[in-house]
Amino acid sequence: PIYRIRREVGDRVSREDFNEWLLEMQEKDILQLQGGSLPDNDPAKLEDSVTTEVSGLRCYAKLLN
């Protein structure tokens, strides 16, 4: 889940830079941001996920090979 990645990075990267980095990794076909819902729908975890203009809320990142 994206929220786990964001929490691991912590304060070393701003929220905006983290979001931009994830979108850039998706653009370069390194990651695929995926929708879905989190099992507990915890508002803090949802906030730590990423929302894109085109696709909406993305909760998971899948590493592409």
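**A first look at helices, strands and loops**

Q: Does Phe18 count as buried or exposed?
A: Buried means under 20% relative accessible area, exposed means over 50%, and partly exposed lies in between, using a 1.4 Å probe and protein chains only. Phe18 has a relative accessibility of 3%, so this residue counts as buried.

Q: What pLDDT do local features need here?
A: Residues are numbered from 1 along each chain as its sequence is written, and side-chain values use heavy atoms, with hydrogens and water left out. This is a predicted model, in which totals for chains, interfaces and linings use all residues, side-chain atom pairs count only at pLDDT 80 or more, and local features need a pLDDT of at least 70.

Q: How far does helix H2 reach from its first C-alpha to its last?
A: Helices (H or I, at least four residues) and strands (E, at least two) are DSSP runs, numbered from the N terminus. H2 covers residues 15-27, which makes 13 residues. The expected span of a helix is 1.5 Å times one less than its number of residues. For H2 the reach is close to that expectation, at 18 Å.

Q: Within what arc do the buried residues of H2 fall?
A: The buried residues of H2 are Phe18, Leu22 and Met25. Seen down the helix axis, they line one face of H2 because they fall within a limited arc (taken from the directions from the axis to the C-beta atoms) of 65 degrees.

Q: Which residues are exposed on the other side of H2?
A: The buried residues of H2 are covered by elements that include helix H1 (2-9), strand E1 (31-34) and strand E2 (50-52). On the other side of H2, the exposed residues are Glu16 and Glu27.

Q: What kind of aromatic pair do Phe18 and Trp21 form?
A: Rings of Phe, Tyr and Trp (its six-membered ring) pair if their centres lie within 6.5 Å; planes under 30 degrees apart count as stacked, over 60 as edge-to-face and the rest as tilted. By this rule the count comes to 1 aromatic pair. Phe18 and Trp21 form a pair with 6.1 Å from centre to centre and 40 degrees between the planes, and this pair is tilted.

Q: How many residues apart are Phe18 and Trp21?
A: An α-helix has 3.6 residues a turn, so residues three or four places apart point the same way. Phe18 and Trp21 both lie in helix H2, about one turn of the helix apart, and their separation is 3 residues.

Q: What is the phi of Asp29?
A: Asp29 is found in the loop between H2 and E1, and at 59% relative accessibility Asp29 counts as exposed. Most residues other than glycine have a negative phi. Asp29 is not a glycine, yet its phi is positive, at about 60 degrees.

Q: Which residues of H1 are buried?
A: On the other side of H1, Arg4 and Glu8 are exposed. What covers the buried residues of H1 includes H2, E1, H3, E2, strand E3 (56-58) and E4. These buried residues are Ile2, Tyr3 and Arg6.

Q: How far apart in space are Arg7 and Asp48, C-alpha to C-alpha?
A: Arg7 has its place in helix H1 and is partly exposed, with a relative accessible area of 41%. Contact means heavy atoms within 4.5 Å; not counting residues up to four places away in sequence, Arg7 touches Ala44, Lys45 and Asp48. Arg7 and Asp48 are 41 residues apart in sequence, while their C-alpha to C-alpha distance in space is 7.9 Å.

Q: Which residue's backbone oxygen does the side chain of Ser49 reach?
A: Ser49 lies in the loop between helix H3 (43-47) and E2, where Ser49 is buried, with a relative accessible area of 5%. At 3.1 Å, the side chain of Ser49 reaches the backbone oxygen of Lys45.

Conventions
Polar contact = N/O pair within 3.5 Å; in protein donor to acceptor, adjacent residues only side chain to side chain.
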